[in-house]
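I opened this notebook to record what I looked up in the structure. The entries are kept in the order of my reading.

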Amino acid sequence: MTQNRPKVLVVDDAATVRLYHTKLLGDAGFEVAEAANGLEAVEAAMSTAFDLFVVDVNMPKMNGYTCVETLRSETVGTPAPILMISTEDRAGDADRAYAAGANLYLVKPVDAERLARVARMLTSGVAA
């Protein structure tokens with residue numbers, strides 16, 4: 001039955017955050033894969049169709065903003081929703097995320113119930 005579960009790619013350089021988000025989304029019924037930075041996320045998106053991306057901002061090799069821009073570019077061209085979650089909470093951080101192509105920007109920490117609810121909302125058109 002896993003073939004009907006929405007596929008989520010969790011992108012964060014912090015292994016503990018990836019583990020936390022993977023566990024929460026897995027328990028909420030999503031099929032979850034992980035990437036440790038934006039470059040890995042772009043590579044994964046070119047070979048797998050994900051239904052949602054959960055992307056951090058501050059990462060090595062390729063930051064979250066560049067990752068989102070690349071995911072939205074003609075090179076990758078994913079139509080999947082992108083949720084950015086970051087500790088960055090300065091004026092303009094969310095605007096920069098939306099300009100890059102993110103659908104929603106949340107500031108850490110995001111509690112389990114809210115993350116699951118937002119993920120379901122963003123993937124509501126995907127069979128579950």
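Which residues of the largest nonpolar core touch the most other members? I worked from a predicted model. I noted that this core has 25 residues, and that Leu9, Val11, Phe53, Val55, Leu71, Ile82 and Met84 touch the most other members. I then looked up the elements that supply the core: β1 (7-11), α2 (38-47), β3 (52-55), α3 (64-72), β4 (82-86) and α4 (93-100) each give at least two residues. I also found a second, separate core, made of 17 residues, with Val10, Leu25, Ala119 and Leu122 among them. In soluble globular proteins, nonpolar side chains tend to be buried together.

I next took Leu71 and listed its contacts, leaving out residues up to four places away in sequence. Leu71 touches Ala41, Val42, Ala45, Phe53, Val76, Gly77, Thr78 and Ile82.

I turned to Asp56, which lies in the loop between β3 and α3. Is Asp56 buried or exposed? I recorded it as buried, because its relative accessibility is 6%, below the 20% cut-off. With the sequence neighbours up to four places away again left out, Asp56 touches Val11, Asp12, Asp13, Gly64, Met84, Ile85, Ser86 and Lys108. For Lys108 I noted a polar contact as well, from side chain to side chain with Asp56, at 3.5 Å.

Last, I consulted the record. An unreviewed UniProt entry lists residues 7-123 as "domain: Response regulatory". Over residues 7-123 I read 44% helix and 20% strand, with the end C-alpha atoms 9 Å apart.

Conventions:
Residues are numbered from 1 along each chain as its sequence is written. This is a predicted model: local features need pLDDT of at least 70, side-chain atom pairs count only at pLDDT 80 or more; totals for chains, interfaces and linings use all residues. Side-chain values use heavy atoms; hydrogens and water are left out. A nonpolar core is a set of buried Ala, Val, Leu, Ile, Met, Phe, Trp, Tyr and Cys residues joined through side-chain atoms within 4.5 Å. Buried means under 20% relative accessible area, exposed over 50%, partly exposed in between (1.4 Å probe, protein chains only). Helices (H or I, at least four residues) and strands (E, at least two) are DSSP runs, numbered from the N terminus. Contact means heavy atoms within 4.5 Å. A polar contact is a pair of N or O atoms within 3.5 Å; within protein, one must be able to donate a hydrogen and the other to accept it, and residues adjacent in sequence count only if both atoms are side-chain atoms. UniProt positions are given in the numbering used here, feature names are shortened, and annotations may be inferred rather than shown by experiment.
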